[in-house]
Amino acid sequence: MKLMLVVGFMALIALATARPQNDVEVLEYESENIGIGGYKFSYKLSDGTTRSEEGTVNNAGTENESISIRGSVSWVAPDGQTYTINFVADENGFQPEGAHLPK
């Protein structure tokens with residue numbers, strides 16, 4: 001159940017950072033995903049959007065198996081200001097941090 005909650009929050013982040021733009025190009029993209037033990041990816045777009053994320057499996061093969069995800073996403077708003085959210089998603093839920101977010 002907690003894993004589904006974490007995945008749901010990650011989907012919300014993806015939707016929040018995905019906005020239709022014309023002529024946006026992928027400048028950099030890296031991905032490591034062998035299907036076991038975790039994953040890692042990052043990208044940089046020509047519109048100033050960047051994202052990096054790493055997921056690791058904790059207590060693999062046990063009853064307490066879980067995934068921990070750490071990442072960051074940045075984008076340039078229509079007013080020209082760059083916003084960044086650093087986040088952790090784990091057994092304690094989704095924990096975003098950003099200068100523009102209320103504490």
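Reply: The side chain of Asp47 makes a polar contact with the side chain of Thr49 at 2.9 Å, a polar contact being a pair of N or O atoms within 3.5 Å in which, within protein, one must be able to donate a hydrogen and the other to accept it, and residues adjacent in sequence count only if both atoms are side-chain atoms. This is a predicted model, in which local features need pLDDT of at least 70 and side-chain atom pairs count only at pLDDT 80 or more, while totals for chains, interfaces and linings use all residues. Residues are numbered from 1 along each chain as its sequence is written, and side-chain values use heavy atoms, with hydrogens and water left out.

Asp47 lies in the loop between strand E2 (38-45) and E3, strands being DSSP runs of E of at least two residues, numbered from the N terminus. With a relative accessible area of 19%, Asp47 is buried (buried means under 20% relative accessible area, exposed over 50%, and partly exposed in between, with a 1.4 Å probe and protein chains only).

Five residues lie between the strands in the hairpin of E4 and E5, where Gly80 takes a positive phi near 90°.

The largest nonpolar core consists of five residues, Val73, Trp75, Ala77, Tyr83 and Ile85, where a nonpolar core is a set of buried Ala, Val, Leu, Ile, Met, Phe, Trp, Tyr and Cys residues joined through side-chain atoms within 4.5 Å. E4 and E5 are the elements that give two or more residues to this core. Leaving aside neighbours within four places in sequence, Ile85 is in contact (heavy atoms within 4.5 Å) with residues including Val73, Trp75, Pro96 and Leu101.

Aromatic rings complete the account. Ring pairs link Tyr39, Phe41 and Tyr43 into a cluster; rings of Phe, Tyr and Trp (its six-membered ring) pair if their centres lie within 6.5 Å, with planes under 30 degrees apart counted as stacked, over 60 as edge-to-face and the rest as tilted. Phe41, at 19% relative accessibility, counts as buried, whereas Tyr43, at 22%, is partly exposed.

Conventions: Two strands pair if DSSP finds at least two bridges between them. Helices (H or I, at least four residues) and strands (E, at least two) are DSSP runs, numbered from the N terminus.
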